[in-house]
Amino acid sequence: MIIYNFWRGHPNGDLLPVQEMQEILTMMCSPANQESLRDSLQYSSDRGEATLLKEISLFLRRHTLKDELPEVSMASKKILMNDSSPPPPELDMFLTHGVSHGLDLLCTATTKKDDVVLVERPTYFLAKDIFTSHNLRVQNLPMKKQPVTKTLMVDVEALGRGLKDGSIDVPRMIYIVPTHQNPTGNTMPLTDRLILVKLARQYGILVAADEVYHLLDWSSPSKRRPARFSVLDHLISKQSEPLTNVDISAKNNIGRMGCSVSVSSFTKIFAPGVRCGWIEGPASIIDSLVDVGYIQSQGGCVPFVGNILRTALAEGLQDSILDKLIISYKDRSKILCDILESESGIQIHHRPDGGYFLWVEFSNISSAEIFAVYCLDRGLKFMPGVRCDSVLEGFEQSGQPKELCQHSARLCFADMDIIDVSDGAKLLVKLYREYTGKL
Ligand SMILES: Cc1ncc(COP(=O)(O)O)c(C=O)c1O
């Protein structure tokens with residue numbers, strides 16, 4: 001039986017850059033590049049190879065020039081936006097084996113047993129295990145449902161109030177997926193990002209912004225994508241006026257650096273198999289990663305694979321791969337939404353404008369988990385929303401009911417080819433109608 005797999009969050013196999021990889025490897029191994037090839041077979045410097053770090057910075061700048069920034073001094077803006085002025089912006093960066101490794105390293109370097117990490121409801125379903133493997137306590141962020149769109153967002157005002165009146169303990173870390181979120185596809189607005197960045201600095205919290213989908217973006221030009229957290233943190237840190245209500249005596253604040261970092265990777269924009277990513281943030285955080293024991297022992301991550309990615313970036317291949325992926329995933333997401341919207345019982349609160357996922361809510365069913373089993377028996381697989389919503393210790397502080405995700409599902413449109421996305425969507429409509437007795 002064919003299974004239409006909307007569960008798996010993998011890139012489509014035919015979109016992996018096999019052709020480009022052949023070109024890259026040929027270039028890397030050419031007589032003219034023997035020296036850089038030899039260098040990439042050696043240990044690398046702790047933060048990662050400098051020319052790759054520079055290429056990533058330039059690439060990020062090329063693809064984020066139109067990102068929405070707050071009104072700040074022109075001088076700060078110029079540092080971040082001027083494409084032609086070398087060197088790249090003064091954001092410190094560290095190479096990793098990907099977002100998962102980046103999060104793990106941040107835990108190693110900046111947390112201790114029993115520290116609290118706050119996460120969204122719902123969130124990336126595999127992140128929690130990274131935190132619990134460091135003996136951290138994972139709790140929920142306050143969440144709100146937007147009144148009109150019904151999309152789920154972090155309630156940053158409630159977070160600020162809770163931290164101030166002590167009803168929310170100051171966490172060591174806040175983990176968010178702010179752009180084209182996994183699983184909802186939502187993007188946190190700039191105003192909320194700024195509040196969070198300031199709260200982090202005020203209370204000594206590390207905001208780990210998982211921005212793995214930031215560049216996989218097809219927002220309309222009228223809807224600017226908000227800037228990444230590391231950029232906002234950098235701008236806020238440069239503001240001359242002091243932050244309001246700075247409370248350096250706040251509980252748990254002593255000796256804790258509060259700031260926001262961007263954690264990202266080549267997983268969604270090149271290929272997961274290269275296991276290469278980066279963390280951008282203030283020098284103090286980046287230095288603390290360098291101090292981790294195994295980094296001291298092994299040196300920088302990905303020297304050889306880094307050479308592959310440096311070549312892809314320098315030769316413009318990464319730019320064209322990204323353009324191709326954006327077009328492909330945009331088409332898949334459109335066809336999925338168009339077909340599902342033909343059935344009013346399957347509600348889409350937000351049509352994705354980036355990322356891998358569509359979040360839907362089913363009317364007239366008691367549990368998406370039970371409906372998922374019904375669908376699986378009939379050749380269709382999706383992730384029930386509850387898998388992405390660990391109802392955690394102290395979930396009440398999320399301000400949302402325990403059953404928040406009971407009727408919802410995450411559908412990945414990236415894994416299948418477009419015909420299967422279309423046929424799978426039609427099958428989902430049919431199965432929903434059968435199941436709810438609409439046929
Ligand atoms: C939100 C999010 N973070 C991290 C990852 C994994 O990233 P990496 O392969 O770079 O570790 C994924 C993959 O699905 C993801 O959706």
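# Close-up views of a predicted model

Y435 has a relative accessibility of 28%, and it therefore counts as partly exposed, since that value falls between the 20% limit for buried and the 50% limit for exposed. Everything shown in these views comes from a predicted model.

**View 1. Two neighbouring rings, Y356 and F357, form a tilted pair.** The structure contains 16 aromatic pairs in total. In this one, the ring centres of Y356 and F357 lie 6.0 Å apart and the planes meet at 55 degrees, so the pair is classed as tilted. Are these two residues buried or exposed? Y356 is buried, with a relative accessible area of 0%. F357 is buried as well, at 2%.

**View 2. F371 and Y435 bring two helices together through their rings.** This aromatic pair is also described as tilted, with 4.8 Å from centre to centre and 40 degrees between the planes. Which parts of the chain does the pair link? F371 belongs to helix α14 (residues 368–376) and Y435 to helix α15 (residues 418–435), so the partners come from distant parts of the chain, 64 residues apart. F371 counts as buried, at 0% relative accessibility, whereas Y435 is partly exposed at 28%.

**View 3. Six rings gather into one aromatic cluster, and a charge lies over one of them.** The members of the cluster are F362, F371, Y374, F382, Y432 and Y435. Look at Y374: R378 lies over the face of this ring, 3.6 Å from the ring centre. Elsewhere, another charge and ring meet, with the charged end of K381 over the ring of W7 at 5.4 Å from its centre.

**View 4. The ligand sits among 13 residues.** Which of them come nearest to the ligand? They are V99, S100, D210, Y213 and T267. S100 places a polar side-chain atom 2.6 Å from an oxygen atom of the ligand. D210 brings a polar side-chain atom to 2.5 Å from a ligand nitrogen atom. In the side chain of R275, an N or O atom is 3.0 Å from an oxygen atom of the ligand. On its own the ligand has 400 Å² of accessible area, and the protein covers 92% of it.

View 5. R275 is not a glycine, yet its phi is positive, at about 45 degrees. The residue is found in the loop between β9 (259–265) and β10 (277–281). With a relative accessible area of 35%, R275 is partly exposed. The side chain of R275 is the one that reaches to 3.0 Å from a ligand oxygen atom.

**View 6. Helix α5 runs from residue 99 to residue 110.** Its 12 residues reach 16 Å from the first C-alpha to the last, close to the 16 Å expected at 1.5 Å a residue. Which residues of α5 are buried? They are V99, H101, G102, L103, L105, L106, C107 and T110. An α-helix has 3.6 residues a turn, so residues three or four places apart point the same way.

**View 7. D319 and H63 meet through their side chains.** A polar contact of 2.9 Å joins the two. D319 lies in helix α13 (residues 317–340). It is buried, with a relative accessible area of 15%.

**View 8. Two prolines follow cis peptide bonds.** The bond from R121 to P122 is cis, with omega near -10 degrees. P122 is found in the loop between β3 (116–119) and α6 (127–132). The bond from N182 to P183 is cis too, with omega near 20 degrees. P183 lies in the loop between β7 (173–176) and α8 (190–203).

View 9. N135 has a positive phi of about 60 degrees although it is not a glycine. Its place is in the loop between α6 and β4 (137–140), where N135 is partly exposed at 44% relative accessible area. L41 lies in the loop between α2 (34–40) and α3 (50–64). At 61% relative accessibility, L41 counts as exposed. The C-alpha atoms of L41 and V302 are separated by 9.9 Å, with the two residues 261 apart along the chain.

Methods
Residues numbered from 1 in each chain as written. Predicted model: local features only at pLDDT ≥ 70, side-chain atom pairs only at ≥ 80, totals over all residues. Heavy atoms only, no water. Helix = DSSP H or I, 4+ residues; strand = E, 2+ residues; numbered from the N terminus. Expected span 1.5 Å × (residues − 1). Buried < 20%, exposed > 50% of the residue type's maximum accessible area, 1.4 Å probe, protein only. Phe/Tyr/Trp six-rings, centres within 6.5 Å; stacked < 30°, edge-to-face > 60°. Lys NZ or Arg CZ within 6 Å of the ring centre and 35° of its normal. Near = heavy atom within 4 Å. Polar contact = N/O pair within 3.5 Å; in protein donor to acceptor, adjacent residues only side chain to side chain. Areas by Shrake-Rupley, 256 points an atom, 1.4 Å probe, with all protein chains shown as cover.
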